[in-house]
Amino acid sequence: MKTKKVKGFTLVELIVVIAIIGVLAAILVPSMLGYVKKSKVSSANSAANSVQKAINTALIELDEEGKDVGAINTVTGSGSGISNVSAWEAGDNASFFTKIKNYMDDMDGLNFQAACEGGVCKAVAVAVDSTYTGTYPGGCITVDNYKTYSGASKLGDALTLAKAKAGMC
């Protein structure tokens, strides 16, 4: 009687392969989680840089229109509008926000605070969501300390860090 040789893997071989995949997953997953945090913090810092550039461009336009932008020290706002500009008429906030929004692709969900000096925006803190906050100049908020500055309620603390880095303190 002829026996047919069955091709395939044995149970032991399958268990060994599954064990190897499990060990590799146990090593890779924690390191991948670190990359996600780094990219989100980097994205928040990039958003702060974009807001800073948009505010500076808007300040230049307002200066060309004859507005006294040198008196502005702080700007506070969100994706829906500016809630406070120091030394500024409340009616002009909408115009200022429109100019800022012209230079930002997507401001939905952002909360920001900016520090200005001499008509130039020098430091910005942005809360992208309830977890990740970024600053300009960058490097103030890292993967190690981002939880300390999480959310819109901590923007003032994050702005203080950015101002120190910008030499405003």
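Tutor: Start with one term: a contact means heavy atoms within 4.5 Å. This is a predicted model, where local features need pLDDT of at least 70, side-chain atom pairs count only at pLDDT 80 or more, and totals for chains, interfaces and linings use all residues. Residues are numbered from 1 along each chain as its sequence is written, and side-chain values use heavy atoms, with hydrogens and water left out.

Student: Among contacts between residues at least 6 apart in sequence, what percentage join residues at least 24 apart?
Tutor: Take the contacts in the chain between residues at least 6 apart in sequence. Then keep those that join residues at least 24 apart. Their share is 56%.

Student: In what order do the elements run from the N terminus?
Tutor: Helices (H or I, at least four residues) and strands (E, at least two) are DSSP runs, numbered from the N terminus. The chain has three helices and five strands. Their order is α-β-β-α-β-β-β-α.

Student: What is the radius of gyration of the chain?
Tutor: This value is taken over C-alpha atoms, and the globule rule is 2.2 Å times the number of residues to the power 0.38. For 169 residues, a compact globule would come out near 15 Å. The C-alpha trace here spans about 100 × 30 × 20 Å along its principal axes. The radius of gyration of the chain is 25 Å.

Student: Is N45 buried or exposed?
Tutor: N45 lies in helix α1, residues 11–64. Leaving aside neighbours within four places in sequence, N45 is in contact with G134, T135, G139 and I141. Its relative accessible area is 15%, so N45 is buried.

Student: And D105, buried or exposed?
Tutor: D105 sits in the loop between α2 and β3. Its C-alpha atom is 14 Å from that of S78, 27 residues away along the chain. The relative accessible area of D105 is 85%, so this residue is exposed.

Student: Which residues does K37 touch, not counting those up to four places away in sequence?
Tutor: K37 is found in helix α1. At 33% relative accessibility, K37 counts as partly exposed. E13 is 24 residues from K37 in sequence and 37 Å away in space, C-alpha to C-alpha. The residues K37 touches are Y132, V143 and Y146.

Student: Which peptide bond is cis?
Tutor: Look at P137, in the loop between β5 (133–136) and α3 (155–165). The omega angle of the bond into P137 is near 0 degrees. The cis bond runs from Y136 to P137.

Technical notes
Buried < 20%, exposed > 50% of the residue type's maximum accessible area, 1.4 Å probe, protein only.
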